[in-house]
Every structure is written in C-alpha cells, then in structure tokens.
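This report concerns one protein chain and its ligand. Please consult the sequence and the structure shown here.

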Amino acid sequence: MSEQTAKKGWLGRLFGGNGGGDIPTPPTEIPPPPDNPVAPPLPPDVVPPTQPTPDIPGVPQPHPEIPVPPSQPSSWFKRISQGLSRSSSRLTQGITDLFTKRKLDDEALEELEELLITADLGVATASRVTAHLAKSRFAQEVTPEEVRGALADEIAEVLAPVARPLIPDPERKPHVVLVVGVNGSGKTTTIGKLAKYFRDQGLAVTLAAGDTFRAAAVEQLKVWGERTGCPVIARGQGADAAGLAFDALREAQRRQDDLLLIDTAGRLQNKSDLMAELQKIVRVLRKHDASAPHDVLLVLDATVGQNAHSQVEIFREMTEVSGLVLTKLDGTARGGVLVALAEKFKLPVHAIGVGEGADDLRPFEAMAFARGLLGLE
Ligand SMILES: Nc1nc2c(ncn2[C@@H]2O[C@H](COP(=O)(O)OP(=O)(O)O)[C@@H](O)[C@H]2O)c(=O)[nH]1
Ligand SMILES: [Mg+2]
C-alpha cells in the first residue's frame with residue numbers, strides 16, 4: 001500500500017488514494033478514462049461523456065433504466081433525512097398524535113409500541129425500545145420531541161453493531177464482491193453506485209455482468225461502467241454466469257485491480273436453479289482464489305417491507321451472505337424495516353440507497369439513520 005495518505009476519508013486513508021494509478025489499460029470493450037493516474041471525484045450526478053462501444057452502438061444517454069435526478073448539492077445527512085422523509089413523516093405524525101399533552105402511561109406505551117410495529121420496526125425492537133423509554137420516563141408528561149429523541153437513541157443502539165462500511169482488503173487484488181438479491185431489488189444500480197464511490201477513492205474497479213439472464217441487465221451494467229470509468233466484463237445473454245465470473249476474476253487479477261463487483265441474476269426458472277447458479281459461481285471463483293468471494297452482498301428493496309425478512313432467509317440458505325444493502329429508502333414509508341432486520345439477523349448493513357443517482361448510496365451510519373428515521377436534524 002502507498003505510504004502517501006490521501007485526504008479523502010476512511011477509504012482514501014486505507015488505500016492511499018492511488019489505487020487506480022499504475023493499472024494498465026484493460027483490454028475490454030470499455031476503456032477507463034485516459035490520463036487518469038488519480039481518478040478525480042466526479043461532481044455529483046455528472047455523467048462522463050459517452051465512450052462509443054463497439055458491441056453496443058448508440059447506447060442512449062441517459063439510459064432509460066438509470067435516470068439521472070436533477071443535481072442538488074446537499075449535505076450527507078440532509079441526503080439521508082430527505083431519503084427517509086416518507087418513513088419519518090409517518091412516524092413523526094404518529095408520535096405527535098400520541099403524545100400531545102399526554103403522560104407516558106401504560107396505554108400510551110402500548111399505542112407507541114403498536115405504532116412502531118406498524119412502521120415495520122419489528123415486534124422485538126418495538127417492545128424493547130418502549131420498555132426502555134418506560135423505565136426512564138414512566139408517568140411523566142413527555143413531548144413528542146422528547147419521545148422522538150429518546151427513540152432515536154434507542155434505535156441507534158440497535159443499529160450501531162451492524163453499521164459496518166464495506167472495506168475492500170488492500171491485500172487482495174482484487175477484493176471480490178458477489179452481489180445477490182431478487183430481481184428489481186437494485187443490484188445493478190447498487191453496483192454502479194459502489195463503482196462510483198470506490199472509483200472516486202482512486203481504486204481500480206472492474207464490473208462483471210453476471211446477470212446473463214436478461215440482455216437489458218448486461219447493457220445496464222455497461223452504461224454504469226461508462227459513467228464510472230470502470231471496465232465491464234460481459235458476455236451475451238444466456239452465457240454461463242460462472243464462466244463469466246471466472247474470466248472476470250482472472251482479468252481483474254491480471255490487472256491487479258483493487259475491487260471486482262460481480263452482478264448476478266435475481267430470477268431464474270426457480271429457486272433451486274438460482275441456488276445452483278450462485279453456488280457454481282462461488283465454486284468457480286474459488287478455483288482462482290480460494291478465499292473468494294470476500295463479500296456476498298444481499299441487496300434488499302426496502303419497499304417490500306416485511307418481505308425483506310424472508311428474502312434474507314432464502315438467500316442465506318443459498319449462499320454465505322456477509323452483508324446487506326437496503327435500497328429505495330427514498331421510495332417508502334417502511335424504512336423501519338432496516339431496524340427489524342438489524343435486530344433479527346445481525347448482519348452488517350454496509351450502505352443504503354436513497355435514490356437512483358450515482359451518488360445516492362450512503363455508507364450506513366447508525367445515529368444518522370436513527371435520527372433521520374425520526375425526522376430529527
Ligand atoms: N428510488 C430508488 N430507486 C432505486 C434505488 N436503487 C435502485 N432503484 C431503481 O430500481 C429499479 C431496479 O433496479 P436494478 O438495479 O435494475 O435492480 P436489479 O434487478 O436487482 O439489478 C431501477 O429502476 C433502479 O433505478 C434507490 O435507492 N432508490
Ligand atoms: Mg440487475
């Protein structure tokens with residue numbers, strides 16, 4: 001690792017910010033930006049100029065599956081609280097209705113617990129946080145603001161142990177991340193956002209279009225590759241995903257890349273087909289690198305609410321899920337589901353998706369999320 005310490009946050013510190021520097025030009029269809037020894041961070045939502053690619057001539061920009069929202073500079077926390085506004089307005093309104101001029105008695109506590117359950121926080125979390133609240137404030141008159149503040153603290157405590165950033169191991173060339181999840185959960189978009197995030201840190205990132213089930217999925221990933229300046233290893237529709245993953249790993253190893261992000265199909269004919277495919281990908285990767293994949297990210301769409309629980313269970317049966325990314329928190333009032341998932345599965349939550357743009361992936365941070373969820377600054 002470089003001695004030089006970058007000034008760009010935790011990843012920059014880890015990697016010295018020059019990971020992309022000495023990587024030779026990859027012989028893939030999408031070359032990285034020229035003269036780019038240290039990839040400068042892109043300004044938010046700026047799409048790099050389209051590089052014409054021989055096999056997908058005239059790819060439209062912006063791609064229909066990757067809308068570019070209007071650029072609006074906002075702070076990191078503001079972005080999270082905006083993303084969580086649907087969830088927080090529901091909770092805030094409920095708490096205001098419950099606690100305007102009211103004592104924290106048994107009845108109020110019961111109603112609060114119910115509100116938290118309907119907000120998808122889960123029964124265990126709901127009863128624990130209300131019990132804690134009762135301990136300190138029972139029979140006292142409380143304001144809605146006090147209740148929100150106390151709840152945010154309780155929720156942050158539940159979330160703190162799972163809030164763990166995705167940190168590519170600098171010793172691995174590449175660190176291999178397999179991205180799994182049901183169709184439409186946001187896998188490809190999350191890979192695009194992660195590519196942008198790590199590329200901005202100066203890492204050399206390669207993408208593998210392992211969802212060979214749908215032609216559109218391959219094309220979608222290629223567009224993200226263009227936007228982020230990351231090479232994409234792809235084959236045609238119907239190609240063997242494990243073979244593709246094998247080629248991608250070999251190529252990324254040859255180039256000494258820092259990170260390889262592998263997309264997968266979310267739906268095959270049935271669950272056992274999908275399981276067989278994911279397991280085959282893992283087997284084949286291990287022929288090249290016995291420790292790969294180093295992370296298996298399960299991408300969950302928060303708008304499905306409680307259904308996310310069964311998705312975690314199903315994917316854990318199929319493969320060794322090592323962490324979660326929750327997407328579409330901007331599009332749902334069910335953001336509380338993340339709290340229930342944290343309590344139940346205790347899997348690391350690496351990041352959250354709060355929009356469709358390249359910068360709408362936020363590293364998951366317990367207190368920021370908890371306060372955002374309760375509509376607090
Ligand atoms: N609002 C919102 N939309 C998202 C987010 N993440 C993904 N999407 C959208 O969800 C749809 C499905 O995403 P995609 O990445 O194709 O899912 P995949 O099938 O799992 O690869 C696309 O239209 C994405 O733009 C998010 O965090 N917020
Ligand atoms: Mg996809």
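The sections below treat the basis of the model, the fold, the ligand shell and the backbone.

## Basis

Residues are numbered from 1 along each chain as its sequence is written, while chains are lettered from A and ligands numbered from 1 in the order in which they are written. The model is predicted: local features need pLDDT of at least 70, side-chain atom pairs count only at pLDDT 80 or more, and totals for chains, interfaces and linings use all residues.

The protein chain contains 13 helices and 10 strands (DSSP runs numbered from the N terminus: H or I, at least four residues, for helices; E, at least two, for strands). Of its 377 residues, 47% are buried, meaning that 20 or more other C-beta atoms, placed from the backbone, lie within 10 Å of the residue's own.

## Ligand shell

Ligand 1 is surrounded by 19 residues, the closest being Gly186, Lys187, Thr188, Thr189 and Gly353 (C-beta atom, placed from the backbone, within 6 Å of the ligand). Helix α7 (residues 187–200) gives the most to this shell, with three residues.

## Backbone

Most peptide bonds are trans, and most residues other than glycine have a negative phi. The bond from Lys173 to Pro174 is cis, with omega near 5 degrees; Pro174 lies in the loop between α6 (144–159) and β3 (175–180). Ala292 and Pro293 are also joined by a cis peptide bond, with omega about -10 degrees. Pro293 belongs to the loop between α10 (271–288) and β7 (295–301).

Key: Buried ≥ 20, exposed ≤ 12 C-beta atoms within 10 Å, placed from the backbone.
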